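Biologist: Could we go through this model together, one topic at a time? I shall ask brief questions as we proceed.

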Number of protein chains: 2
Amino acid sequence: MKIIHSPRHLGHSGHVELMNGQVVPAFEKPERVAMILNAIGERPFGTLIEPAAHGLDPLLKVHDAAYVRFLANAWAMWTADGRDFPALPSFWRAPGMRTDIEPETIDGKLGHFSFDAGCCMVAGTWDAVQAAADIALTGADLVASGERAAFALCRPPGHHAHAGTMGGYCFINNAAVAAQSLRDRGAARVAILDVDYHHGNGTQAIFYDRPDVLVCNIHADPLQEFPYFLGFADEIGAGAGEGFNANYPLRWGTDYAGWGAALDAACARIEAFGADVVIVSLGVDTYKDDPISQFQLNSPDYLKIGARIAALARPTLFVMEGGYAVEAIGVNVANTLEGFLQR
Amino acid sequence: MKIIHSPRHLGHSGHVELMNGQVVPAFEKPERVAMILNAIGERPFGTLIEPAAHGLDPLLKVHDAAYVRFLANAWAMWTADGRDFPALPSFWRAPGMRTDIEPETIDGKLGHFSFDAGCCMVAGTWDAVQAAADIALTGADLVASGERAAFALCRPPGHHAHAGTMGGYCFINNAAVAAQSLRDRGAARVAILDVDYHHGNGTQAIFYDRPDVLVCNIHADPLQEFPYFLGFADEIGAGAGEGFNANYPLRWGTDYAGWGAALDAACARIEAFGADVVIVSLGVDTYKDDPISQFQLNSPDYLKIGARIAALARPTLFVMEGGYAVEAIGVNVANTLEGFLQR
Ligand SMILES: [Zn+2]
Ligand SMILES: [Zn+2]
């Protein structure tokens, strides 16, 4: 299995987030990738490769042009006001407010294009975001050209990003960009299986009215957990997409008994859908010691996750999402891939 | 003119806000009221009185019951998690997200019921908020019973608060609560004239589909300024309320020449409406040295504002909103009242 990686993620560092009423260093940090590379390096999984440049066109197939323009220009606008510290939004478009007018000022734009104070931008953010999208697209290329599987080691992650909204550490939805690329390269049916602890609200929203991309999400109940305002079981898709979105919300404290049952159900949906290819939004913040999460999976459980996904017997692209227990993230990712490859 | 004041606003102190990517002490602070009381005390305006308790029923006529329940319980829920520092929301309901399900956890509730990271709660917030509403209601009582005018020295302010959403330092919309009280006491037509630097998005939204309360707002262009996502000139009301909302957005740098012209236009609307009573949402953050605002009014200009409002010749309730240049806030408020009384 090829592992696609770029050191350009390192530019997205020193960023912060608002948590518990305080601005703190973001839990989503560069060390996460280093730990994954270390753990993968200890096992004979395959070759590490750099991504190929794909430009912005594939991003614009799932994201709004105004949003991509904002991402590209935000840091320059923020610093033009004399600010040399990380950019965070402070105000948002609540229900009942206008969504049709992009503010002129950078503070207004930050709110217009976001849904939380967890999408912080620094000087290297946009370059890292583009590299992450290229990583996912290069993985899609490999799978489209016949590889059984690939691992897109994306950072920053993507699954919280909507077509025109950043949030939850996510800017460009790497998995969605890859799914669209696979569709454009001939896959009739693409399934996205999101196993991150948090609901992949952006991925769901992007494909919500489409029958060609099935989105299955296993995640913490939004009644209890971020992103709170999407991820309920009654969200089944809309219009032509009705029946092509499946949510499996689980309560805090869920261990592998409950989690694995949801995985079996999601995999049955993917088989019934007849997916030509599977994209796994791979978050390992389901781990028992994750600092911001409340599930109870143990490291050996990730071997089982990988094996169950392998049993789908479809070309599979793993796209890295969350996981914040830096000590364990490498082992848990490597276990998932090992479980997949050993099957 | 009676001035209604309560020391209970002092409980809302030590709070913070997210600004410029950093958590800083809130610009909306107790010293604001002290400066106003000092300046008013130096002039023979009238008696300082305490508010009468009105309970929650008048608040529930313009606010959602679930929202009021949240405000009453939020601090207890926040501290039950072991947190003894100010509560700030971190995540919001972006367009496309669910608005129909209130999260179970306090972090989720904070996002569900807010639109920015400028509505911080501390131990004394809810008591101060109730006192501010009682101050506005007591002012409404005075005007309803025949007084020419009253000054409700509310703190925290209210005009950014929607029926079910806090933001912009505001929790309960004091002016809206007072307007509804005046309607319930027999005023057929109530006009709200919001002269705060920021658009009174909450007041607009609460009365947007009603023809009995005319809302006029003079404020910084939302293309440039908070609250960004409401306050455009094309927002004229909806349904039965069409034609009963008027916005006068003005560009950064506006001085009294431009500002006064908008005031004349708003006053003409109020006269044409035939208001039985006028509520002035009195913010003085239009002042040239306000630390978070970009208009260029000078202290003598507030005498003219008061005189122009007096020329409406209607019973008038002044309700305190914003103003953050602590050195000047007292003089500017006192000038407004003096200009009104001298006419
Ligand atoms: Zn996650
Ligand atoms: Zn203001």
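Biologist: What area is buried between chain A and chain B?
Modeller: In this predicted model, the area buried between chain A and chain B is about 4200 Å². Carbon and sulfur atoms give 65% of that area.

Biologist: Which three residues of chain A supply more of its buried area than any other three?
Modeller: They are Met97(A), Arg98(A) and Phe229(A), which supply 18% of the area that chain A buries against chain B.

Biologist: And how many residues are in contact on each side?
Modeller: The contact involves 49 residues of chain A and 49 residues of chain B.

Biologist: How many salt bridges are there between chain A and chain B?
Modeller: The count is six salt bridges between chain A and chain B. One of the salt bridges in the model joins the side chains of Arg98(A) and Asp234(B), at 2.8 Å from N to O. Arg98(A) was also named among the three residues that supply 18% of the area buried by chain A.

Biologist: What about polar contacts, how many residue pairs are there between the chains?
Modeller: Between chain A and chain B, 20 residue pairs are in polar contact, counting pairs with both residues at pLDDT 80 or more.

Biologist: Which elements give two or more residues to the side of chain A that touches chain B?
Modeller: Those elements are β2 (16-19), β3 (22-25) and α4 (106-112) of chain A. The largest share, four residues, comes from α4(A).

Biologist: How do the residues on that side of chain A divide into nonpolar, polar and charged?
Modeller: That side of chain A holds 25 nonpolar, 14 polar and 10 charged residues.

Biologist: New topic: the sheet. What is the order of the strands in chain A?
Modeller: Chain A has an open sheet of eight strands in the order β4-β1-β5-β10-β9-β6-β7-β8, with parallel pairing. The strands β4 (48-49) and β8 (245-250) of chain A stand at the edges with a single partner strand each, so one side of each is left without a neighbour in the sheet.

Biologist: Which helix packs on that sheet, and what does it touch?
Modeller: Helix α6 (residues 174-184) of chain A packs on the sheet and touches β6 (190-194), β7 (213-220), β9 (277-282) and β10 of chain A. The direction of this helix makes about 170° with that of β9(A).

Biologist: How many bridges pair β5 with β10 in chain A?
Modeller: Strand β5 (residues 149-152) and strand β10 (residues 316-320) of chain A pair in the parallel sense over four bridges. Within this pair, Ala149(A) stands opposite Thr316(A) in β10(A).

Biologist: And chain B, what is the strand order there?
Modeller: In chain B, eight strands form an open sheet in the order β4-β1-β5-β10-β9-β6-β7-β8, and the pairing is parallel. Its edge strands are β4 (48-49) and β8 (245-250) of chain B, each pairing on one side only.

Biologist: Which strands of chain B does helix α10 lie across?
Modeller: Helix α10 (residues 326-342) of chain B lies across β5 (149-152), β9 and β10 of chain B, running at about 175° to β10(B). Strands β9 (residues 277-282) and β10 (residues 316-320) of chain B are themselves paired in the parallel sense over five bridges, and Ile279(B) stands opposite Leu317(B) in β10(B).

Biologist: What do β2(B) and β3(B) form?
Modeller: They form a hairpin with two residues between them. Strands β2 (residues 16-19) and β3 (residues 22-25) of chain B run antiparallel and are joined by four bridges. Asn20(B), in the turn, has a positive phi of about 60°.

Biologist: Back to salt bridges: why does the pair Asp184(A) and Lys61(A) tie together parts that are apart in sequence?
Modeller: Their side chains meet in a salt bridge at 3.0 Å, N to O. Asp184(A) lies in helix α6 of chain A, and Lys61(A) in the loop between α2 (57-60) and α3 (65-80) of chain A, so the pair ties together parts that are 123 residues apart in sequence.

Biologist: Last topic: where is the cis peptide bond that involves Arg155(A)?
Modeller: The cis bond joins Arg155(A) and Pro156(A), with omega about 0°. Pro156(A) lies in the loop between β5 and α6 of chain A. In chain B, the peptide bond from Phe226(B) to Pro227(B) is cis, with omega near 10°.

Methods. Residues numbered from 1 in each chain as written. Chains lettered and ligands numbered in written order. Predicted model: local features only at pLDDT ≥ 70, side-chain atom pairs only at ≥ 80, totals over all residues. Heavy atoms only, no water. Pairing = 2+ DSSP bridges. Contact = heavy atoms within 4.5 Å. Axes fitted to C-alpha atoms, helices over the stretch in contact; angles between N-to-C directions. Buried area = accessible area lost by both parts, 1.4 Å probe. Salt bridge = Lys/Arg side-chain N within 4 Å of Asp/Glu carboxyl O. Polar contact = N/O pair within 3.5 Å; in protein donor to acceptor, adjacent residues only side chain to side chain. Nonpolar A, V, L, I, M, F, W, Y, C, P; charged D, E, K, R; others polar.
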